[in-house]
Amino acid sequence: MSGAPPAISIRGLGKRYRIGSYLPTGGTLRGWFADRLSAKARAASAESNKPRYIWALRDLTLDVPTGSVIGIIGRNGVGKSTLLKILSRITDPTEGTAELYGKVASLLEVGTGFHGELTGRENIYLNGAISGMTRAEVDRRFDEIVAFSELEQFLDTPVKRYSSGMYVRLGFAVAAHLDPDILLVDEVLAVGDLSFQRRCLNRMNDVAQTGRTVIFVSHQMTAIRRLCNRTIWLEAGRIRDFGPTGEVVARYESESLGGAAPGGSGSREGAAYKARYLSWMRDGAPAGEAHVLSDLAPVAFRLVLDVRERIAAGYGGIEIFDPEGKLIWSGASYDGGRGDLALDPGKHALIYSLPMLPLKPGAYKLHASFYEREGRKLLDDWWAAPELIVSLPPSSHPDDEWQGILNLPCGLRVERE
Ligand SMILES: Nc1ncnc2c1ncn2[C@@H]1O[C@H](COP(=O)(O)OP(=O)(O)OP(=O)(O)O)[C@@H](O)[C@H]1O
Ligand SMILES: [Mg+2]
């Protein structure tokens, strides 16, 4: 992918907004009188009237190769929409540059790009003209746009009478059917109903399949996962993480959902103990993937247990919890008739192996415990850190409500009976 020429090239991009009130003390007559009443109030008011600034975006440098589908995620107010507004030239950056190579179509906040007094039909032609199409070109795509939006009946209604869902339908239909080289879509899709959202995702996928570039902002991680190969996680106007979608989204979800598991992992040092887990990794994992699972091959978890005093008979347990906190698998050192473990002081690796782990993408919590047989005494109870990041691609079923628990691609044969 890195070999493709860039569709978007961003260098040191920053956007500063001015915030706070510029009116004298709220601009009311009462405020004016109050100001006259005391010099102190006057001084305070002068202070609050000083313009304040925030950087909605800062130091963004990025190349987006042609044909890539990039997701943008992050909490409210981190600069996602600001970035798309700069890319679609609705607002200018304060510093830096963003070069876009090709025809750009965007679907931003509800209403952007439409003229309220004009009808749906007129807005379609207006948008076509703005993106440099001739009337004949728009004519050719017109029926497709209308069919996609399912707004035939309302084509001659001024769009100011449209509901927000109708706006988005028309906006998306226009943006996605005007043959853009670069399609920018902000999370407005969520306003549409479920079937429309699904059609939009499919359409964006089609646009991407034909080698166009798509940038998609959303809070819906399922949609981001389905559509985007790579994802940018923005935090306070800067790039916090940028990489393969499965991994970035998993890290983002893991942090948003509170990071540390119930009980917390805490520091593993200090205090006296008889046995304690120190770390874990995927046994035999390639460098940089020690806590990542990205295929359906056999998998083994290597847990390092530090034993301080000899344990004559003990046993360990391991559990995996899904991103919602549901227990999905558990195993123990004595499973399958294996007996208790006798461990001398020192570090031991307990390696639990499984034929495969067909999990959906996400951040999974591993929990490990170790008991001494006598009196079933709990020696350690550990919410393993870091979490297990599963980045297997979803097993392709397109409809969210039919997503099951297992992430297993299915085979198919058709035979004549
Ligand atoms: N026109 C503006 N004037 C002043 N501040 C603005 C303006 N537009 C955005 N901001 C500020 O810039 C920051 C980034 O806003 P932005 O809309 O890009 O966030 P976002 O990531 O799209 O958030 P959300 O997930 O809520 O859509 C916010 O602090 C916001 O208040
Ligand atoms: Mg936004």
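Select H5 (residues 135-149) and H6 (164-177). Axes are lines fitted to C-alpha atoms over the stretch in contact, and angles run from 0 to 180 degrees between N-to-C directions. Helices (H or I, at least four residues) and strands (E, at least two) are DSSP runs numbered from the N terminus.

This is a predicted model: local features need pLDDT of at least 70, side-chain atom pairs count only at pLDDT 80 or more, and totals for chains, interfaces and linings use all residues. Residues are numbered from 1 along each chain as its sequence is written, chains are lettered from A and ligands numbered from 1 in the order written, and side-chain values use heavy atoms, leaving out hydrogens and water.

Now show the side chains between H5 and H6. On H5, pick Arg-141, Glu-144, Ile-145, Phe-148 and Ser-149; on H6, pick Arg-169, Leu-170, Phe-172, Ala-173, Val-174 and His-177. Contact means heavy atoms within 4.5 Å. By class, this contact has 6 nonpolar, 2 polar and 3 charged residues. Nonpolar covers Ala, Val, Leu, Ile, Met, Phe, Trp, Tyr, Cys and Pro; charged covers Asp, Glu, Lys and Arg; the others, Gly among them, are polar.

Step into the loop between H5 and H6 and select Glu-150. Glu-150 has a positive phi of about 55° and is not a glycine. Most residues other than glycine have a negative phi.

The axes of H4 and H5 come within 10 Å and cross at roughly 130°. That makes H4 oblique to H5; angles under 35 degrees are roughly parallel, over 145 roughly antiparallel, 65 to 115 roughly perpendicular and the rest oblique. This crossing is right-handed.

Move to the second largest pocket, about 460 Å³ in volume. Start with the lining residues closest to its centre: Ala-105, Ser-106, Gly-113, Asn-127 and Ile-130. On a 1 Å grid over the protein atoms alone, a pocket is an open set of points where a 1.4 Å probe fits, with protein on both sides within 12 Å along at least five of seven lines; lining residues have an atom within 4 Å of a point. Points join across faces, edges and corners, and volume is the space filled by probe spheres set on them. H6 gives the largest share of the lining, 5 residues.

Finish at Pro-386, in the loop between S18 (377-383) and S19 (388-390). A cis peptide bond joins Ala-385 and Pro-386, with omega about -5°.

Definitions and conventions:
A crossing is left-handed if the near helix is turned anticlockwise from the far one by less than a right angle, and right-handed if clockwise.
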